[in-house]
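Here is a short report on aromatic rings. Look at the model first, then read on.

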Amino acid sequence: MWKSQDGGRTWVKEKNLTFDSPRNHGYARRPLNANNGFYAFWADGNPEKMSKSCLYFCDKQGHVFKMPYDMNEEWEYPERVFTEEPYGN
């Protein structure tokens, strides 16, 4: 997560959202009018060949969640993903 306090002229890195993944993670996009519980989303994948691709999102505090790859029920819960420094509850 990067933060700018001058309209985007300079940026300061606050924390990593991903760490040690076997696939590349795309640029995290912030949804229009994002709320604190769904603050950014992105996908991963291998740019060199066909691969599995997962969807991720985070809240404003940087807690990362991965959507289930296979949905077996009408409603499924996302899986919490810990970055290099796990966050508290």
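Is Phe38 buried, partly exposed or exposed? Phe38 is partly exposed, because its relative accessible area is 37%, and buried means under 20%, exposed over 50%, and partly exposed in between (1.4 Å probe, protein chains only).

This is a predicted model: local features need pLDDT of at least 70, side-chain atom pairs count only at pLDDT 80 or more, and totals for chains, interfaces and linings use all residues. Residues are numbered from 1 along each chain as its sequence is written, and side-chain values use heavy atoms, with hydrogens and water left out.

The structure holds four aromatic pairs. Rings of Phe, Tyr and Trp (its six-membered ring) pair if their centres lie within 6.5 Å; planes under 30 degrees apart count as stacked, over 60 as edge-to-face and the rest as tilted. Two of the pairs are Phe38 with Phe41 and Trp42 with Tyr56.

| Pair | Centre to centre | Angle between planes | Type |
|---|---|---|---|
| Phe38 and Phe41 | 6.0 Å | 10° | stacked |
| Trp42 and Tyr56 | 5.8 Å | 5° | stacked |

Trp42 lies in strand S4 (residues 40–45) and Tyr56 in strand S5 (residues 55–58), so their pair ties together parts 14 residues apart in sequence. Strands are DSSP runs (E, at least two residues), numbered from the N terminus. Trp42 is buried, at 5% relative accessibility. Tyr56 is buried too, at 8%. Phe41, by contrast, is partly exposed, at 38%.

Phe38 and Phe41 also belong to one aromatic cluster with Phe57 and Phe65.

Terms used. Helices (H or I, at least four residues) and strands (E, at least two) are DSSP runs, numbered from the N terminus.
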